[in-house]
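The points run from the overall picture down to single residues.

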Protein chains: 2
Amino acid sequence: ICDTGFFTDTFRQLLHYLSSCADVSLIFGWFARPTTVNHGHASKSFLHDFLDEMQAENIKHHLRKLTRLPHLAGSQQNLDLAKQIRAEWMEFGLDSVELVPYDVLLSYPNKTNPNYISIVDHLGNEIFNTSLAEPVPEGYEDVTDIVPPYSAFSAKGQPEDELVYVNYGRTEDFFKLERELGINCSGKIIIARYGKIFRGNKVKNAMLVGAKGIVLFSDPADYCADGVEPYPNGWNLPGGGAQRGNVLNLNGAGDPLTPGYPAKEYTYRSSLEDAVGLPKIPVHPIGYHDAVHLLQHMGGPLPPDNWKGALNISYRIGPGFMDGLNQNKVRMNIHTNNQVTRIYNVIGWIRGAVEPDRYVILGGHRDAWVFGGIDPVSGAAVVHESVRAAGKLMKKGWRPRRTLIFASWDAEEFGLLGSTEWAEDHARVLQERAVAYINADSAIEGMYTLRVDCTPSLHTLVYDITKKVSSPEEGEEGMTLYQSWHKRDNSTERDAPWISKLGSGSDFEAYFIRLGIASGRARYTKNRKTERYSSYPVYHSVYETYEIVERFYDPSFRRLEAVARVRGGLIFSLADSPVLPLDCVEYAMSLTKYANSIYQLALKHPAAMEQYSVSFDSLFSAVENFTVAARDFHQRLDQLDTSNALAVRMVNDQLMYLERAFTDPLGLPGRPFYRHIIFAPSSHNKYAGESFPGIYDALFDIENAVDPQKAWDEVKRQISIAAFTVNTAAETLKPVVS
Amino acid sequence: ICDTGFFTDTFRQLLHYLSSCADVSLIFGWFARPTTVNHGHASKSFLHDFLDEMQAENIKHHLRKLTRLPHLAGSQQNLDLAKQIRAEWMEFGLDSVELVPYDVLLSYPNKTNPNYISIVDHLGNEIFNTSLAEPVPEGYEDVTDIVPPYSAFSAKGQPEDELVYVNYGRTEDFFKLERELGINCSGKIIIARYGKIFRGNKVKNAMLVGAKGIVLFSDPADYCADGVEPYPNGWNLPGGGAQRGNVLNLNGAGDPLTPGYPAKEYTYRSSLEDAVGLPKIPVHPIGYHDAVHLLQHMGGPLPPDNWKGALNISYRIGPGFMDGLNQNKVRMNIHTNNQVTRIYNVIGWIRGAVEPDRYVILGGHRDAWVFGGIDPVSGAAVVHESVRAAGKLMKKGWRPRRTLIFASWDAEEFGLLGSTEWAEDHARVLQERAVAYINADSAIEGMYTLRVDCTPSLHTLVYDITKKVSSPEEGEEGMTLYQSWHKRDNSTERDAPWISKLGSGSDFEAYFIRLGIASGRARYTKNRKTERYSSYPVYHSVYETYEIVERFYDPSFRRLEAVARVRGGLIFSLADSPVLPLDCVEYAMSLTKYANSIYQLALKHPAAMEQYSVSFDSLFSAVENFTVAARDFHQRLDQLDTSNALAVRMVNDQLMYLERAFTDPLGLPGRPFYRHIIFAPSSHNKYAGESFPGIYDALFDIENAVDPQKAWDEVKRQISIAAFTVNTAAETLKPVVS
């Protein structure tokens, strides 16, 4: 009976009788020694049903349906899609589904005054203009409302000047330009290639050096895989394609006008001047067909007409466009508008049977730059299938122990706005009640193997779940996803598949970095060792269609099915296991690794370390305390009387709140919404996760500090904060009474 | 059996059997309908025992024992006292007691170079010097280590200049001086009388106008009650007495060198230049015998030699000391040193029987300026008696449902340091687990009736407990404390005793204002309507002895007994009631009152309200939402299946976290450690509580704003934050699944 979760009326009466005795055992629960009853049994069989229920064919169907039209955040189409999803989720059997609106700052090109870049001769004539739109792929010729490539939130303006090429526009690229080559970018227009880091960081760097505009282009070296044709004959980026994307530096603030608070109707909005993270200069993206025209006019050797490779920065970097023969300049023509616009999250609920006040969230965005074939609908289709499967199980009598929340976020592409506003709106209840957040952005970005980024406490569960899922690869029948993944991408540290830290750039940010909720993401990816192109080639272009998935990335849809089962298996186990499947010992191991790593970084300055008496002893001691506390905690867990509901709740609270303990309300220096002391998006690349970010940032470029005493004092202060935070997290794992 | 909490081995076996069924009922708990079992019954009988166990004679004994020697924070005597308390608490029967050290910045006079104020003639001769110490009371002549009156954390220095009298040194006093009288204080020495506001605010105000020093004196008008003799013949302040006290503006930061983090050995300490809240000018306190000498040299009519009344500010205010006849000046001679010093909290635990991970805290400080007869030992003696009574009950078989923590804080007098460092040290577990904090500073400051300041959710419990305690007043046999209190001090709003908001100035600050833990305090007080002197006359002087309590304030020790029973009854009920005795509807009523009150304040500017479109609608709407949610919550509570341990835990979590929901990690503008959006210490008087402090401060003196648009924008922003916070608190009370 227990194995299936069904029971007869007679059994219910028995339960009724027993339950009336229950609290007696709870009051005196410390005398109770459990015998059997592990609620896990029922879950396990349902877990199997749940994983099986998610099927490739359904995901294919969802993907097709959700990619027919563009659905840009703030558009009517995206609201229509929200309503459609709400209706289907209700039909699938969720307890409730609601549309949750916010009024946030979005940014759109001016429809009557398009954006472009010109080459202007000495008479002021525009002798070359970049294209206004991407060639539309076959089959989509009649679609209206395809937004042309643009940099969302770009400042308006028509700056005109020399062009300076700065490679990827990374901090180190600008250092090289300024410090080694002695080139001053102030007042110039920057051209940088996409890739390596988040585009917003490139723009920030350009502003820091005083540039008056920045052009971003897709270099074939970064957006074309070897031996692959451009779309539609292959999955490479065509020369006319370009990468849309926001160029904000929000640092987790959400809506730029309402930092820290949800963008409701009554919410106070700052002026645009005081808005968070808006670039102060024009920004525009172009494809490589256009880029080559601009670059050919710069000093140094010309790229060939059939240019397909990276520029060699060793001779290409630096200012150009002003060689002896011409006095041409570049002019940017940018007319993009910021406007407060209503967006809609779709939020669906399954009420938990035993602990309705514990929430497990599966969230991913719905808004897309155009069709969103990969980003985000490959992920949204997976969420859709998870909701359907959960509904199916509910019809069989299942109900999760804890509450499940499914979210279809809006305006992720405009700075993670929908997810961040909802997190801000519900910060108090989420801090009290959220067990975990699993993110569901693009489910596929390559055809090689699984990629997981998650908090260390989820490592073990990820491994467990992937052992229950079959490999989607042809020729690997009978092999588990774990085995397939392990074979392709082993960790450098141990005999297990590689799992990475969480960075940012998707909707988990507010949940993990600001609120301290255990989070993770999983997707199918390329071979990170051999495939060197950035992201996937057609990223954020009009060529992200249903067909690119169906023809190239996952013709059988078994890779998406595998991702669905990983994401679904995670939320199922988190919602249904009596004892939360979070592993503190894994956290301890990661902390040890991070402490060693940041210490090694500091050791690059042995003289300064000695001169300023910089010690990492307190941090290593804290990590040791944490390690002992984690080990002891799991030993006590082995002894846990799982029949004692309050005892189980207490250890679950300790597990749930562990991630919270790593957050500090004071936030990181200059980044008040990045509150996690162990993980933050890199200050130099939002996409990448940095461990011990406070110490890392304090050490960054410290050899060039104007005031070394002050700089090393800040390192010491950050070590102290990190040590305290790890100690305090350890405290939360100790027995609850000292 | 249940009523007494005892049970036989046979019964244990039965429980053991039943408990093995327990989780079945929990898994399917929503089918269970409870029958009886209200754990409250046992508690009630123990509550009665607990209240009865606390006795006047014991408190008298504790007070005598704990006031024999001075026990200044950081002194050997205060460490000895900590060890003594630890030993006695262990003996009383607590599960564990520990000394918890921190290394914080304290401040002491230079023993070889005393502080004083001089009148200096035009030749530079000191023609008058203030006294170096207070005359020691009879019986204490041989006591060493009595620290002379000083202003802790005063800057060092010997400024010399004209003296400017500014009444109480309040914001409005300085406004009057500068705006109405046109007097510039820059570079002058200020003299202000004690009273009305926290002394640190006077010093801050003096710094803001550019004064180079400030002398604080006790005016008989504020420190002598009519018809009462100076100590030892009465309880008035003698002319040679003066008020010690710190002059920091910490705004909740705790140790000035480690804001936000506990002052452990490994903790990074900022430099003194970067320390939080230290005054930049010398400060010194004097008694009225000395003050009259300084004031007699100022312009205007002289105070009489037998001066016993306030100066009339209408002609006295303003600069002086430079009338035609002399060119005398005042010189301050201040040599006080700041030094990092080890302090010790004593922390005692009783492990909760059912929910050990829920904490109820009774905390009060131990350190005193000298003997601490009133401040703090009248309170510490009460804590001591509560611990003894709890230990006694434990020997009878009682153990509270939740964990009880008793704290004897150190260095309260130096800026609430011991309590704040411990709060910082354990912020994570306290946020997760703390149900309530009851403060136990001075238990008596007058002889009239009870005074309670607490969070609104504790109102009902305070009334309930005081109905179970007898009036301590002679001639009121058979009357409850509630009746006695009600008779003497009725609320202006309804037929119930007056309860006030929490301000600050004692150890609850970090728990309530920073961490959002429901808090309260209770003491015996004077008649606030007729007794106009400030605090109690001998406050912070050497005359705060055991004898002043025994002879004047509470000869029968029944008032202290009553306070002990109120404080004790609060922690007992909070720790032992199955459903937490917190009342959300009272919170709703208070919010309504505060919203009306801040709205009335804004309405003083009708033209600006219209010009800048300032609306309070969102706030009133939020308060209405909260009111409905609170009412519905308590209705659901009436239906609660109290036999369902998890169901009880869930509503208790909602009750516990309600106070937390009012806090905002971003804090108030410029005061990052004041995070409570509903309550904060006034920016103009730390002692007073301000409701909706963000809005209040934005409105303050707005008619003189340099940029009215910006000032009113800030008002609107603060209204928006307040409305959001109240809405989000309401959300935490709603059913846990939407």
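This is a predicted model: local features need pLDDT of at least 70, side-chain atom pairs count only at pLDDT 80 or more; totals for chains, interfaces and linings use all residues.

1. Take chain B: β1(B) and β13(B), the latter spanning residues 337-350, run antiparallel and share 13 bridges. Within that pair, V104(B) sits opposite T341(B) of β13(B).

2. **A helix on the sheet.** Helix α4 of chain B covers residues 76-92 and packs on the sheet. The strands touched by α4(B) are β1, β13 and β15 (402-409) of chain B. The direction of α4(B) makes about 165° with that of β1(B).

3. **The whole sheet.** How many strands form the open sheet in chain B? There are 8, in the order β1-β13-β15-β14-β16-β19-β17-β18. The pairing is mixed. The edges are β1 (96-108) and β18 (499-500) of chain B, and each of these pairs on one side only.

4. **Helix against helix.** α4(B) also packs against α10(B), at an angle of about 25° and with the axes 8 Å apart. The two helices are therefore roughly parallel to each other; the cut-off for that term is under 35 degrees. On the α4(B) side the contacts come from I85(B), E88(B), W89(B), E91(B) and F92(B). On the α10(B) side, the residues they meet include V383(B), H384(B), V387(B) and R388(B). G391(B), K392(B) and K395(B) are also among the α10(B) residues in this packing.

5. **Cis peptide bonds.** Most peptide bonds are trans. In chain A, the bond from D375(A) to P376(A) is cis, with omega near 10°. P376(A) lies in the loop between β14 (355-365) and α10 (377-395) of chain A. In chain B, D375(B) and P376(B) are likewise joined by a cis bond, with omega about 10°. P376(B) is in the loop between β14 (355-365) and α10 (377-395) of chain B.

6. **Positive phi at N251(B).** Most residues other than glycine have a negative phi. N251(B) is not a glycine, yet its phi is positive, at about 50°. Where is N251(B) in the chain? The residue lies in the loop between β9 (245-246) and β10 (283-286) of chain B. N251(B) is partly exposed, with a relative accessible area of 27%.

7. **Positive phi at S613(B).** S613(B) is not a glycine either, and has a positive phi of about 50°. The loop here runs between α19 (606-611) and α20 (617-638) of chain B. Is S613(B) buried or exposed? Its relative accessibility is 54%, so S613(B) counts as exposed.

8. **Chain A overall.** Chain A has 23 helices and 20 strands. Of its 738 residues, 66% are buried. Among contacts in chain A with a separation of 6 or more, 80% are between residues 24 or more positions apart. The chain exposes about 25,100 Å², and carbon and sulfur atoms supply 50% of that.

9. **An annotated span.** An unreviewed UniProt entry carries the annotation "domain: PA" for residues 162-248 of chain A. In the model, this span is 28% helix and 17% strand. The C-alpha atoms at the ends of residues 162-248 of chain A lie 24 Å apart.

Note on methods. Residues are numbered from 1 along each chain as its sequence is written. Chains are lettered from A and ligands numbered from 1 in the order in which they are written. Side-chain values use heavy atoms; hydrogens and water are left out. Two strands pair if DSSP finds at least two bridges between them. Helices (H or I, at least four residues) and strands (E, at least two) are DSSP runs, numbered from the N terminus. Contact means heavy atoms within 4.5 Å. Axes are lines fitted to C-alpha atoms, for helices over the stretch in contact, and angles run from 0 to 180 degrees between N-to-C directions. Buried means under 20% relative accessible area, exposed over 50%, partly exposed in between (1.4 Å probe, protein chains only). Accessible areas come from the Shrake-Rupley method with a 1.4 Å probe; for residues, only the protein chains shown count as cover. UniProt positions are given in the numbering used here, feature names are shortened, and annotations may be inferred rather than shown by experiment. Angles under 35 degrees count as roughly parallel, over 145 as roughly antiparallel, 65 to 115 as roughly perpendicular and the rest as oblique.
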